[in-house]
Amino acid sequence: MPDLLLELFSEEIPARMQRKAAEDLKTLVTTALVDAGLPYEGAKAFATPRRLALQVAGVPAGSAATREERKGPRVGAPDKAVEGFLRGAGLSSVEEASIHSDPKKGDFYVAVIEKPGRSAIDIIAEFMPGILRGFPWPKSMRWGTTATRWVRPLHSIVATFGPETEEPEVVPFEFDGIVSGQTTRGHRFLADESFEVRRFDDYAASLEKHKVVLDADRRKDMILNDAKDRALALGLELVEDPGLLEEVAGLVEWPVVLTGSFDEDFLDIPDECIQLTIRVNQKCFVLKDPATGRLANRFVLVSNIVAEDGGKLIVAGNEKVIRARLSDARFFWDTDLKTRLSDNLPKLDEVKFHEKLGSVGARIKRLVALASDLAAIVGADTDKAERAAGLAKADLVSNMVFEFPELQGLMGRYYAAAQGEDASVALAIEEHYKPQGPSDSVPTDPVAVSVALAEKLDLLAGFWAIDEKPTGSKDPYALRRAALGVIRIVLENELRIRLGTPIMKALGPIDVTVENPDALVDSLLSFFGDRLKVHLKDEGARHDLIDAVFALDGQDDLLMVVKRVEALGNFVSSDDGANLLAGYKRAVNILKAEEKKDGAPVSGRPHSDHLREQAEIDLAAAIDTARADAADAVSEENFEGAMEALSKLRAPVDRFFEDILVNAEEPALRTNRLQLLAEIRDATHVVADFSRVAG
């Protein structure tokens, strides 16, 4: 079957846009093919700095002819109904429709719509200009006098179609003056001549001959492997940086890996500052000494050309720029060290955190108070927690963090350590932002834990107080991440914290009027419940079980919630649990029906004088025992024991429904039995709201 080859050749496309643009091209073209009745066997998209390319394999030579019978209104129907039918069917008059008879429904119009098959080349030529005109670039530009918009000036379009055994044809279309063809160009500096291509195989091979590696992943592999080899030859190790590797692969069409060096004196600067300086300014990788784990004074750069001098001038140029940038970084470092972190705090009173939540300085005061309270709960030294919380944001006004905001917290740790602060205090300054994502580590030092929890709970309480909650996919203040951070810190450190108390404490100093603090806390705890579902999803926990536990009052101890969910999951997956759940739902359904009929909820304890049958006598006794045993087990946080106590209800509940008629004719007896069903409901609610459990 024929293959389609497309290439859109332009000036340099920003590296950050290339991969998505290639996938967008594939999606748009393949969707248009399928919609036109041209299913395909496979498609692959490619991107380099100067081109987007797409191969679609196994495309039919043309679309099949179609025949459709469209039923219309009855003969004699109102004119408007007939006119609408004719318009929809593409008929000019009712005479072009046929009349079909139905013994039951009578005569009605039928339009036969026949569409002949079309050449795939014609179909592709028809939809391609629209795809290009509406291409979803994040940013696009116009150039010259043309109305064309593209990410960068577009120079040529390759579009060929045909089977492997034949000479392919050019798909003829025009995009604002640019006519499709089969000519492209090679590398801008190494092989900047035009050449013709036919299909994908010779296209990729010809590009290679003209110093263009089409596949971005292959360029990444080339860079990574060559960089590692270069490092190994120097007795060093490459500090891998996946984000930088992706970016650099989008900057070159023919990667050439080189190494350079900088003065050893710069190694007095923290490694992270050196790496970030070199990464941001020159897109270079750093190397480390495996013996010390510290950075070496060498770096790896990736060139887009093969230089006649072996790259000496390219390396020298990069070394010159890196030397200047590292000189700046050393100046920032030395200058910042001269100012104690505590001396930076008055400046934070002038830095706005949020217009409704005050300054960063005001927030620090809240963090100190909250971290102090949390320190007692997590077993941290209170004085150290207060000190760490007081200095946690002090590096925000340092020179280094102003230049590289990514280093906030980390630089605070370096400055604190250099200025003689306690090691736990310095660590907490860095780690109070953690975890910042699912792969980020969680603080374990008690001082860091108390400050990290204070940071996140203050953030959540503050934005809940001003009603700035996440909506849909929008979460500008990363509140979902903050809640997940609290959850991970609590669970991974196995902390016993009733979150309602610190949340209420966090609300106190916020200079915002909260009309109903209890409702706000409940709303925030519900948000934690939603985030807990997300966190436990990968572990196989069922959402309905989390709902069943959170439905009970006072469920703000996340560690105990998880343990209760685990125990409940094991219980409902057992035979006893599944059967008790079925009996519970049967009881609840009967209660709902009767309560709706009577217009009032069933209340009160069943009277022993009205327990006449052995099955209801046994059930009443079993409920009393199970409820007491389950409550005792829950009070001891023995949730497995609580589930075991409830499991003993299975047999008496089963027997009750087998032997007893709930809706007895005698009113007192009926009421007593309904109250017994309500006892089943209440007994299970000691451990969870079984009505929330699916099944």
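User: Which residues have the most contacts inside the largest nonpolar core?

Analyst: The largest nonpolar core of this predicted model has 141 residues. Helix H15 (residues 446–465) gives the largest share of this core, 14 residues. Those with the most contacts inside the core are Met400, Leu453, Phe528 and Leu568.

User: With which residues is Leu568 in contact, leaving aside its neighbours within four places in sequence?

Analyst: Leu568 is among the residues with the most contacts inside the largest nonpolar core. Once its neighbours within four places in sequence are left aside, the residues in contact with Leu568 are Leu545, Ala548, Val549, Met643, Ala688, Phe690 and Val693.

User: Is His354 buried or exposed?

Analyst: His354 lies in strand E17. Its relative accessible area is 11%, and the limit for the term buried is under 20%. Because 11% falls under that limit, His354 is buried.

User: With which side chain does the side chain of His354 make a polar contact?

Analyst: Leaving aside neighbours within four places in sequence, His354 is in contact with Phe463, Ile466 and Tyr477. A polar contact of 3.5 Å joins the side chain of His354 to the side chain of one of these residues, Tyr477.

User: Which residues lie closest to the centre of the largest pocket?

Analyst: About 930 Å³ of space lies in the largest pocket. Its lining is made of 31 residues, which divide into 15 nonpolar, 3 polar and 13 charged. The elements that each supply at least two lining residues include strand E17 (352–354) and helix H16 (479–492). The lining residues closest to the centre of the pocket are Pro405, Gln408, Tyr433, Gln436 and Arg481.

User: Which element gives the most to the lining of the largest cavity?

Analyst: The structure holds 1 cavity of 30 Å³ or more, and about 40 Å³ of space lies in the largest cavity. Its lining consists of Arg366, Ala369, Leu370, Asp458, Lys505, Ala506 and Pro509. The elements that give two or more of these residues are H10 and helix H17 (500–507). With 3 residues, the element that gives the most is H10.

User: How many polar residues are in the lining of the largest cavity?

Analyst: By class, this lining has 4 nonpolar and 3 charged residues.

User: Which helices pack against the buried residues of H23?

Analyst: Helix H23 (residues 639–647) is mostly covered, with 7 of its 9 residues buried. These buried residues are Phe639, Gly641, Ala642, Met643, Ala645, Leu646 and Ser647. The helices that pack against them are H20, H21, H22, H24 and H25.

User: At the start of H14, to within what distance of the backbone nitrogen of Ser424 does a side-chain oxygen of Asp422 reach?

Analyst: Helix H14 (residues 423–431) is mostly covered, and 7 of its 9 residues are buried. Among the buried residues are Ser424, Glu430 and Glu431, and what covers the buried residues includes H9, H11, H13 and H15. At the start of H14, the side-chain oxygen of Asp422 comes to the backbone nitrogen of Ser424 within 2.8 Å.

Key. Residues are numbered from 1 along each chain as its sequence is written. This is a predicted model: local features need pLDDT of at least 70, side-chain atom pairs count only at pLDDT 80 or more; totals for chains, interfaces and linings use all residues. Side-chain values use heavy atoms; hydrogens and water are left out. A nonpolar core is a set of buried Ala, Val, Leu, Ile, Met, Phe, Trp, Tyr and Cys residues joined through side-chain atoms within 4.5 Å. Buried means under 20% relative accessible area, exposed over 50%, partly exposed in between (1.4 Å probe, protein chains only). Helices (H or I, at least four residues) and strands (E, at least two) are DSSP runs, numbered from the N terminus. Contact means heavy atoms within 4.5 Å. On a 1 Å grid over the protein atoms alone, a cavity is a set of points where a 1.4 Å probe fits but cannot get out, and a pocket is an open set with protein on both sides within 12 Å along at least five of seven lines; lining residues have an atom within 4 Å of a point. Grid points are joined across faces, edges and corners, and a volume is the space filled by probe spheres set on the points. Ala, Val, Leu, Ile, Met, Phe, Trp, Tyr, Cys and Pro count as nonpolar, Asp, Glu, Lys and Arg as charged, and the others, Gly among them, as polar. A polar contact is a pair of N or O atoms within 3.5 Å; within protein, one must be able to donate a hydrogen and the other to accept it, and residues adjacent in sequence count only if both atoms are side-chain atoms.
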